[in-house]
Amino acid sequence: MPLGNPVYPIMFAIGGCHLLNDTLQAVIPAIFPILEAERGFSFTQLGFVLFALNMVASVLQPVIGYYSDRKPRPYALPFGMAFSLIGIGGIAFAANYWLIILSVMLLGFGSAVFHPEGSRVSYMAAGSKRGLSQSIFQVGGNTGQALAPLISAFILVPLGQRGAALFMIVAAIAIFIMMKISAWYKKRLEQEEQGNRKKVMLSSIGVLTRKQIMIALILLLVVIFARSFYVTNMTSFYIFYLMENYGLKIKEGQLYIFIFMALGAIGTFFGGPIADRIGRKNVIVLSLVLPIPLCIVLPYVPLWIVIPLIVIIGFFIMLSFSVTVVYAQELVPSKIGTMSGLTVGLAFGMGAVGAVVIGMLMDQIGIATTMIIVSFLPVIGLVGLALPKDGKITSKAAM
């Protein structure tokens, strides 16, 4: 059965909203140097700020995804973004640590609503271009996250904590676009209901038993753990290593982080189309095998070698970001929202745990030693070699 034609305007619109959504989240790690310098927060406290943001998003994403699988709510997108708008305003004006925690939790709730619903819209608009559509969606988010160093260097450093209030405008723009997407989403659901279309579950992975699916999901989640833990270290804490070990100032160090994240966004974009050609498992394995030696040597190299290494590491370690989402959706194609919420939510969750662990390690054993320990994390991702192979899309019964 043909999958239909891609709806490119919706694919790019939801990808653009992902950019705006994750730009709001990027304010959190971007503001870390400000909170550390101006308010005297410890690395552990900063870790718990990121933990509060990511854990709320992590825990709620699969729940919301499961609920939307049963009863889709098209206007959940702008509803969730309204919470993000309130959260970002709270971060700008919070007078103490606990108000910041509450504000990032509101931001996390908005993100928890957006990601499974946004991924569902991307899936619905994809037609036969699932890899491409998911890449457009995810590269929007990674591009937004990549803006964190620039936000820190050019907005928060000169304006301080209150500069975060500017991003309330970003949230308002996102709400406007999401209203348009939600109208298309609602119309699409009505067309399916009126046409009484029978859902045909399609997958590029052969028929698997429930036990095989469960094992594959566990392996996939381990891969996501290794990647997310390492990326959290690079995007939120590597700046302190650059400042301590190489004597860089905040603005200079943030440009290095931007390069890492920008190449990660590029890798995310190419990962989907490459996976459509050579297979999802192959991209997942390549994404973690190739960067391993580079990650291990990164803490020891002179400054002039850092940029070439983080360019390669950033590109390849994020190559599988969108691919793991699609792979999980095809493992359980009857639960698109749930699988999206589980995989992306786990990425947030591992980022949350990673932030706390890394922050505590940096306080206890020092920044340099922590960077050396974390550099071995991608080795764990080698379990991806045991994932089931995928091939051409075939029909698959609902589970």
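## Helices, core and ring pairs

Helix α3 covers residues 76-93, and its 18 residues should span 26 Å at 1.5 Å a residue; the end C-alpha atoms are 27 Å apart, which agrees. The expected span is 1.5 Å times one less than the number of residues. This is a predicted model: local features need pLDDT of at least 70, side-chain atom pairs count only at pLDDT 80 or more, and totals for chains, interfaces and linings use all residues. Residues are numbered from 1 along each chain as its sequence is written, and side-chain values use heavy atoms, with hydrogens and water left out.

The chain has 15 helices and 2 strands. These are DSSP runs, numbered from the N terminus: helices are H or I with at least four residues, strands E with at least two.

Of the 399 residues, 58% count as buried. Buried means under 20% relative accessible area, exposed over 50%, and partly exposed in between (1.4 Å probe, protein chains only). The buried residues of α3 include Leu-77, Met-81, Ile-88 and Ile-91. The chain exposes about 15900 Å², by the Shrake-Rupley method with a 1.4 Å probe. Carbon and sulfur atoms supply 69% of that area.

The largest nonpolar core holds 108 residues, and Ile-28, Tyr-238 and Leu-298 touch the most other members. Helix α8 (residues 210-246) gives the largest share of this core, 18 residues. Such a core is a set of buried Ala, Val, Leu, Ile, Met, Phe, Trp, Tyr and Cys residues joined through side-chain atoms within 4.5 Å.

Contact means heavy atoms within 4.5 Å. Neighbours within four places in sequence aside, Ile-28 is in contact with Val-49, Leu-50, Leu-53, Ile-91, Val-104 and Leu-107. Among contacts in the chain between residues at least 6 apart in sequence, 87% join residues at least 24 apart.

The structure holds 13 aromatic pairs. Rings of Phe, Tyr and Trp (its six-membered ring) pair if their centres lie within 6.5 Å; planes under 30 degrees apart count as stacked, over 60 as edge-to-face and the rest as tilted. Two of the pairs are tabulated.

| Pair | Centre to centre | Angle between planes | Type |
|---|---|---|---|
| Tyr-97 and Trp-98 | 5.3 Å | 75 degrees | edge-to-face |
| Phe-225 and Phe-229 | 5.5 Å | 70 degrees | edge-to-face |

Tyr-97 counts as buried at 14% relative accessibility, whereas Trp-98 counts as exposed at 65%. Phe-225 is partly exposed at 24%; Phe-229 is buried at 9%. Phe-225 and Phe-229 lie 4 residues apart in helix α8, so about one helical turn separates them. Ring pairs also link Phe-32, Phe-237 and Phe-240 into a cluster.
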